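Welcome, and please open your viewer.

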Amino acid sequence: YKTLSDNMARLLSLLPKGGLTWFTVGPTASGKTTTNNAILQEVPATTRTVLVQNPSEIDLRFKDAKGRVYNDVLHLEGRDIENPEPTDPTMQNIMTHVLRLSPTFVCFGELRTNMEFKLGLQIMQAGHPVNSTFHAETSDGAIRRFLTAYLAESGNEPSDLALMTLTSLVRIIVVQKILRDGTRKIIQISEVVGVDPDNPNKAAINDLYKFVITHTEYDEQGMVKSINGYHKRVGKLSEGIIDKLKLEGCN
């Protein structure tokens, strides 16, 4: 459906194979979950995957011709419970105990609450690649959104220290948008390369792909008929992420 180009798809297929942490972000109804689900189909069958969702929208079970699941995946569904007990299956309670399930890769359907963002960062700090979706409009905005939510639950931790930690763990941001003509496009794929050397409160973003608009067509009533453009590579992966991919056998 021209949501992305072939080369973008090849790049995104490396994210789960390479053990990278990435987030797919965008406004409501932008199609980010559908795109994220497509990327997640590239998770190796031998990777111990824990998937936590509320509600369940992604199915990571790979089945053979007889319908038997052959990959190492555990599906968990959180529920909204008023005044939950510590043993109730809420997203927060499941995320608190997810490391006891011996995951290699952890996927959350969507991060929503401040506590979920905080727990997500703690899981990343334990050395596990993480994936999720959440609402943001740009790659830089995604980092700010995550950081703001995390700091709201983290007491007096300095924001520059939290940003340094976050940007050392998150590797790729995928941004998707529904355009005025009704089409859904990945408008930005970016690598997070650390903290901006000129601003300790800003992430350093290395854009890899962007959607470039060439012209817009209108109908007789002046309404947007189609927004035309193309996906363009605007940058290249850093040596750090290339070395990470090679360590995982992605040559």
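A search of the whole structure finds 1 cavity of 30 Å³ or more. On a 1 Å grid over the protein atoms alone, a cavity is a set of points where a 1.4 Å probe fits but cannot get out, and a pocket is an open set with protein on both sides within 12 Å along at least five of seven lines; lining residues have an atom within 4 Å of a point. Grid points are joined across faces, edges and corners, and a volume is the space filled by probe spheres set on the points.

Before selecting anything, a word on the model. It is predicted, with local features needing pLDDT of at least 70 and side-chain atom pairs counting only at pLDDT 80 or more, while totals for chains, interfaces and linings use all residues. Residues are numbered from 1 along each chain as its sequence is written, and side-chain values use heavy atoms, with hydrogens and water left out.

**Stop 1: the largest cavity**

Select Val43, Pro44, Thr49, Leu60, Phe62, Asn71 and Val73, which line the largest cavity. The space inside the largest cavity is about 40 Å³. Its lining has 5 nonpolar, 2 polar and no charged residues; here Ala, Val, Leu, Ile, Met, Phe, Trp, Tyr, Cys and Pro count as nonpolar, Asp, Glu, Lys and Arg as charged, and the others, Gly among them, as polar.

**Stop 2: the largest pocket**

Now select Tyr1, Thr3, Leu4, Ala9, Leu12, Ser13, Thr34, Thr35, Ala38, Ile39 and Glu42, the lining of the largest pocket. About 210 Å³ of space lies there. Which helix gives the most to this lining? H2 does, with 4 residues. Helix H1 (6-17) and helix H2 (32-40) each supply at least two residues; helices (H or I, at least four residues) and strands (E, at least two) are DSSP runs, numbered from the N terminus. By class, the pocket lining divides into 6 nonpolar, 4 polar and 1 charged.

**Stop 3**

Leave H1 and pick Leu20, in the loop between H1 and strand S1 (22-25). Leu20 counts as buried, at 2% relative accessibility; buried means under 20% relative accessible area, exposed over 50%, partly exposed in between (1.4 Å probe, protein chains only). Show its contacts (heavy atoms within 4.5 Å): setting aside neighbours within four places in sequence, Leu20 meets Leu15, Pro129, Val130, Arg171, Ile241, Lys244 and Leu245.

Next, draw a distance from the C-alpha atom of Leu20 to that of Asn131: they are 111 residues apart along the chain and separated by 8.5 Å. Asn131 sits in strand S5 (residues 130-134) and is buried, with a relative accessible area of 0%. Beyond four places in sequence, Asn131 touches Trp22, Phe23, Thr24, Asn36, Leu40, Phe105, Val106, Cys107 and Phe108.

**Stop 4: two crossing helices**

Display helix H4 (residues 114-125) and helix H5 (residues 139-152), whose axes come within 7 Å and cross at roughly 100°. Axes are lines fitted to C-alpha atoms, for helices over the stretch in contact, and angles run from 0 to 180 degrees between N-to-C directions. That angle makes H4 roughly perpendicular to H5; angles under 35 degrees count as roughly parallel, over 145 as roughly antiparallel, 65 to 115 as roughly perpendicular and the rest as oblique. Where they meet, Asn114, Phe117, Lys118, Leu121 and Met124 in H4 face Arg145, Phe146, Ala149, Tyr150 and Ala152 in H5. The residues of this contact divide into 7 nonpolar, 1 polar and 2 charged.

**Stop 5: backbone details in the loops**

Select Asn54 and Pro55: the peptide bond from Asn54 to Pro55 is cis, with omega near 0°. Pro55 is in the loop between S2 and strand S3 (73-77).

Is Ala29, with a relative accessible area of 45%, buried or partly exposed? Ala29 is partly exposed. Its phi is near 70°, a positive value in a residue other than glycine, and its place is in the loop between S1 and H2.

Finish at Asn83, in the loop between S3 and helix H3 (91-97). Phi of Asn83 is near 50°, again positive in a residue other than glycine, and Asn83 is exposed, with a relative accessible area of 66%.
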